[in-house]
Amino acid sequence: MKTNRREFIKISSMGMGALALATTPVLGWVPGFLKDDYTNPDDSKAKRYANYCEVCFWNCAGWVYTDEKDKIWKIIGNEDDPHSNGRFCPRGTGGVGMYNDNDRLKTPLKRVTDESGKQTFVKISWEEAFDTIAEKMTEIKDNYGSESFALFKHGSSGKHFAQLLKAYGSKNIAAPAYAQCKGPREEAFKVTFGHPLHSPEPLDIRDTKCLVLIGSHLGENMHNGQVQEMSEAIGKGVNIITVDPRFSTVASKSKFWLPIKPATDLALLLAWIHVIINEEIYDQKYVEKYTFGLESLKKHVENYTPEWAAGITTLSAQDIRDTAKEMANASPAVIVHPGRHVTWYGDDTQRLRAVAILNALLGSWGRRGGFFMPEKAKLPKYPEPKAPKPKWSWRDISPGKYPLAGTGVTNLLIDASHPDYEGDHKIKAWFIAGTNLIASIPDIKRTLDALNNQEFVVVVDTMPAEITGYADIVLPECTYLERYDSPRLAQHREPNIALRVPAAEPRFDSKPGWWICKEIATRIGKGDFFDYKDFSEVIDWQLKQVGTSLEEMKKIGVKKLNRKYDDLYFLEDEEIEFHTNTGKIELYSTTMEANGFDPMPKYTAHQESSEGFYRLIYGRTPAHTFSRTTNNPNLTALKAENDLWVNPKVASEWGFKNGQKLWLQNHQGKVSEFPIKIRITERIRWDSVFTAHGFGRTDKRLTRGYGRGISDSEMVSDVKIDKETGSTGMRNNFVTFLTEKPNTAKKES
Amino acid sequence: MRYGMAIDTRKCVGCADCVVACQTENNIPIGYTRDWIAELNEGTYPNLHLEIRSERCNHCENTPCVRTCPTGASHIILGGIVKVTHEECIGCGACIQSCPYDARYMHPDGYVDKCTFCDHRVANGQEPACVSVCPTHCMYFGDLDDPNSEVSKVVAANKIKTLAPEAGTKPQIFYLV
Amino acid sequence: MREELITSGRMNLNIDPVLHIWHWQIPVYLFLGGLAAGLLFFAAYYTIIGKEKKFTTAVKFAPVLAPVAIILGLIALLLDLKHPAYFWQLYTTVHLESPMSWGAWVLMFIMPISMLWVASYFKEIFPKFDINQNIVGKMLKKVIVKNDNKEGANWDWKFEIIRKFEINFIKNRKPVAWVMLILAVILGVYTGILLSAFNARPLWNSSILGPLFLTSGLSTAAATIMWMSDNHEEKRTFSKIDLMLIVIELFLITHLFMGFLAGSEAKVQAAQYFLGGEFTVTFWINVVIIGLIVPAILETLELLKFKLPVMVPAAMILWGGMIFRFIMVEAGQVTRFLY
Ligand SMILES: Nc1nc2c(c(=O)[nH]1)N[C@H]1C(S)=C(S)[C@@H](COP(=O)(O)OP(=O)(O)OC[C@H]3O[C@@H](n4cnc5c(=O)[nH]c(N)nc54)[C@H](O)[C@@H]3O)O[C@H]1N2
Ligand SMILES: Nc1nc2c(c(=O)[nH]1)N[C@H]1C(S)=C(S)[C@@H](COP(=O)(O)OP(=O)(O)OC[C@H]3O[C@@H](n4cnc5c(=O)[nH]c(N)nc54)[C@H](O)[C@@H]3O)O[C@H]1N2
Ligand code: SF4
Ligand code: SF4
Ligand code: SF4
Ligand code: SF4
Ligand code: SF4
Ligand SMILES: [Mo]
């Protein structure tokens, strides 16, 4: 059998000091350190450095404190930051663990093959790494054109890499935050209201009277600002309606918990629309003034009665009616939450269209307690030469497909990289920065086949994440606590700027992303796109253009600017021109129609589980972000592994005990690499099992994460693509339990 | 003066930020902790009730832990804060056995450690680390003897409970339920 | 279904799910303390009632084990301390509310008394002693001298002051015995109270624990004396005493559990560990059957003049007493208030 060119390098073959394998597994506890009269580090003697959090994409701004010995001590939110209001979430507070983790990537590594054909990583210098990369980039460009070099990125250092690719001549850039996350939502809201939601979502949760959460598990999903506002709203007596097959944390705080049968949400949404229209409890003035297509919609939902939906969703028709009225009573201070990770079943744009329509009927868009109109600060671009114009981009990979896709679609890039791709726009090399594709893109086998088909792969990461095992060159980036990055410019009620400066020197031989990009650019003759010595110059220059400076920002961390207009909410009877074809909120979408899609969402049934199989649903756990924290010493102390929620009925049918270890096998025969402990709990339906995403790490260099729990991604091999956006529906996988791991042929390296 | 806390279980989401914040603020070695989250789920699907509580030393008014300490290392300071002087602690574990809330732990350096109500912060007019970081703002800290303090008001205005009142320890942490 | 989860570093083996801070050292300490208390109690008692001539094992020989037990017990306690270097902190305060504190103090007093007691009998225990040949004797040369002239022991203390003190001590054995009796009872009760002072552990939270541990300590001591003695009458007496103590112990154990079952939910749950739960087999077999009932039967048979090796019931009682303390310490740390 042909061996993979890009065989995953396991640690067993990784000897010879290529990596100083940390034998001290945890952030060393020095006995005696606190002996004698221990006193807490003193706030007044500590230094603090402005930063914004990189543990998730909410990017809360805060202060990194160093103690008297200049060692990073703690991270605290910045009071002036509207994302955090001075309070981080556990992951942000535990960000110190990203810095302290001794398993971090320490030096650049290069894949080499020895005489016996065995592949290993060897430690190389930055010089050698850059020279190799520059040489390969030139070669790829000469042979296939610069467009064949793709970039997968996520997080703030991704910007530098995008700049590098742009200078080089490729626009094939994608992040999992679109096609694996909020893509369908953005497009559904765009075609309905003329505006995507962006991040942080402009939800006026603190003033809402009724919050409807459809599979949005706030409180476990720790999107900081939203959790804070939800809590404030709870204090004010908000009525929460939670639709979730699982008794989520927020379900326990809700007036109504609708334990819906998974995959049937669209039926519920349509029935709600039906009730609200038929009982004429929608916001009549608003709908009349601002929307387009009410009559067609009314006809369209005629048969979508609560009784009809009850049969599909397993909810009661009465509950459906009651909850619809609950929303209408609160209107317009009601939010049917759009969710964020919405790539569930492959008809996600349509489901999110129903959510958008519902919000429109309730008049919540542009209203207090609904959706506010956000504003974003702008910084002028640092001067740079004109970039070469790529001849093609990801849009050309599968012409005519996914017409609504708004930004780079990761899986399209993977398609074009795959040996089975027959189009003209082949991808030959990958740059991967800040995304662990093995954990984040479903259908791992397809990703691996595409990877193996590449001529060159560079991975830039802070940790020896799984994806680094498939690289030709691995580059260790320093963490967000050790580097400059572009200031955060995110939308909010008030436009604001947040600064990131390093609080400590990079540990080991890790380097900031901007420096890495600048060095590579220089070697491929594009140094003029990085025309500065230190990235702080760029920041200072930009800040000075808007009347502040690096110096001032270092003291305040966050600068709030004034809104240009006082238009947080629509005024009474204000004339509004929406950015849609009709200039109105489109209940009936002309854009969808023009692209050959249903102009109004239709219910289609999804595949159901068969005997002995349970739908695998997944979500977040408050103390972790995906795979990026599952080796973090502080956060793994809170939760080291995920567990599998199983209803007691199912457990007793199978004769399982709480805490028992099981392997999972999905309906396509895929078996989990590791076992997972089951948690027998009433908090989940009997037709589904639930686990938290991000665990079951397979790289042994991750001493805290390796083999702890399972990776849900492994079980997501059946992917349903959303026709409108190309996003990957990932909840169509069914699993059964194995008490022993089947004897698969030994995969010796 | 009598320091105390009120914690709103209706708002707490069990994120454990209070745990991480305590750990970094007070340099607690990883694997040990001064505070923790208890989740109690009762009922049968779909009629369920979930209570989430952030727990720590209750700084009891009646302190078995201080009484059973043979060396006087465990003691009470102004405001009723129960503390341990590390240099006087012989690590006998008696106080650990006498706390009904399992609020104390043996530090790897051989002394007993526990929540201090962040007296080092409180002395500077700051709130305890866990209180100041909580994203749901569900914790209130202050002087229970002062009827005008926020914590007194919250305790007075809500339905409250303390943990294991039958243990007779008179906890000074009140849970809003 | 009730489901309880804890999130934090507390799910660490060092801390949770069981706050298991006391290991083998504490039960060993309690066992040896109880044994020493019992031995000293009997020595004092038979001295007070003037039967020291009849019960020589109880008064003279067996007490030799007491200081040894106390010292070993203290070593065990020291090993339990996570910061033994600060041991002296125990003696900087008297903290009457803390059983640990007064336990430390009682030991502090009873240890020298028990040593003097034993030392005052040295001449009777070792009357003939060849200083020149015996290695021990050679070592002891610094403190003892040959004494050929007198009757009794063939040696004497080297220093006049010690000789005088010895004479005085022997003269006052009765008042000393009173002090020792009281301290022994305190020590015996203390081994139980150390646990029962911990309100927080439902299993320990019972006033029966003090008398129960005292009785058990006396019983182990009685068994030891019975085993060591070669005087038929003394053996019989201690068999009888032991039988009585076993009956009392069984009675106390029954009351202990009845008390638990009549108590709060936490106590009921604590009792369940012994009534079907994980300690059931170990407890009933080792402590009750091997440690109490079988020896009681054997002793009864012996009193009825069946010939049996006395070491069998004695060893069983000691075993039972030791396991009893292990289980109580272990199980107590598992039980908790429910909230
Ligand atoms: N099965 C499954 N798949 C999912 C999801 C799911 O719930 N289940 N969720 C989806 C969603 S919503 C999203 S947004 C995506 C997220 O997908 P990703 O962003 O790929 O998520 P992570 O797994 O956290 O991978 C981030 C990687 O970046 C590295 N990293 C962290 N900080 C830095 C840095 O400063 N610089 C560099 N260079 N690297 C850094 C981390 O070590 C880690 O390897 O996943 C999607 N995929
Ligand atoms: N702690 C933490 N917070 C995070 C992140 C993290 O990694 N960790 N990641 C952030 C990111 S990038 C994103 S995109 C968001 C994602 O956060 P959300 O948008 O809230 O996440 P989802 O993964 O879509 O939702 C998971 C919930 O959906 C429920 N569910 C599963 N199937 C169905 C169904 O068919 N119908 C319904 N109604 N519910 C269903 C699950 O039981 C679970 O409660 O979280 C963000 N916040
Ligand atoms: S929500 Fe938490 S992890 Fe995300 S940016 Fe804010 S503090 Fe960091
Ligand atoms: S930080 Fe606040 S919300 Fe989070 S667990 Fe602690 S008390 Fe609860
Ligand atoms: S909670 Fe425990 S440690 Fe704290 S004062 Fe009460 S008894 Fe003592
Ligand atoms: S462990 Fe320390 S603080 Fe606790 S009782 Fe013993 S000496 Fe006192
Ligand atoms: S008050 Fe301070 S010491 Fe106590 S739990 Fe909170 S942060 Fe920790
Ligand atoms: Mo996401």
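View 1. Along the principal axes, the C-alpha atoms of chain C fill a box of roughly 85 × 55 × 35 Å. You'll find 13 helices and 3 strands in chain C (DSSP runs, numbered from the N terminus: helices are H or I with at least four residues, strands are E with at least two). As for burial, 53% of the 339 residues count as buried (under 20% relative accessible area, with a 1.4 Å probe and protein chains only). Among contacts in chain C with a separation of 6 or more, 71% come from residues 24 or more positions apart; contact means heavy atoms within 4.5 Å.

**View 2. The largest nonpolar core.** This core holds 112 residues; a nonpolar core is a set of buried Ala, Val, Leu, Ile, Met, Phe, Trp, Tyr and Cys residues joined through side-chain atoms within 4.5 Å. Helix H1 (residues 25-48) of chain C gives the largest share, 17 residues. Trp22(C), Trp117(C) and Phe238(C) are among the residues with the most contacts inside the core. Beyond four places in sequence, Phe238(C) meets Phe42(C), Tyr46(C), Phe55(C), Ala58(C), Ala222(C), Ile225(C) and Met226(C).

**View 3. Tyr190(C) in helix H8.** Helix H8 spans residues 173-196 of chain C, and Tyr190(C) is buried there at a relative accessible area of 1%. Not counting residues up to four places away in sequence, Tyr190(C) touches Tyr29(C), Pro99(C), Met100(C), Trp102(C) and Gly103(C). Of these, take Trp102(C): 88 residues from Tyr190(C) in sequence, but 8.5 Å away in space, C-alpha to C-alpha.

**View 4. His624(A) in a loop of chain A.** The loop runs between strand E20 (614-619) and helix H20 (633-636). His624(A) is buried, with a relative accessible area of 3%. Once neighbours within four places in sequence are set aside, its contacts include Arg91(A), Thr629(A), Lys639(A) and Phe695(A). Arg91(A) sits 533 residues away along the chain, with 6.2 Å between the two C-alpha atoms.

**Notes.** Residues are numbered from 1 along each chain as its sequence is written, and chains are lettered from A and ligands numbered from 1 in the order in which they are written. In this predicted model, local features need pLDDT of at least 70, side-chain atom pairs count only at pLDDT 80 or more, and totals for chains, interfaces and linings use all residues, while side-chain values use heavy atoms, with hydrogens and water left out.

Definitions and conventions: Buried < 20%, exposed > 50% of the residue type's maximum accessible area, 1.4 Å probe, protein only.
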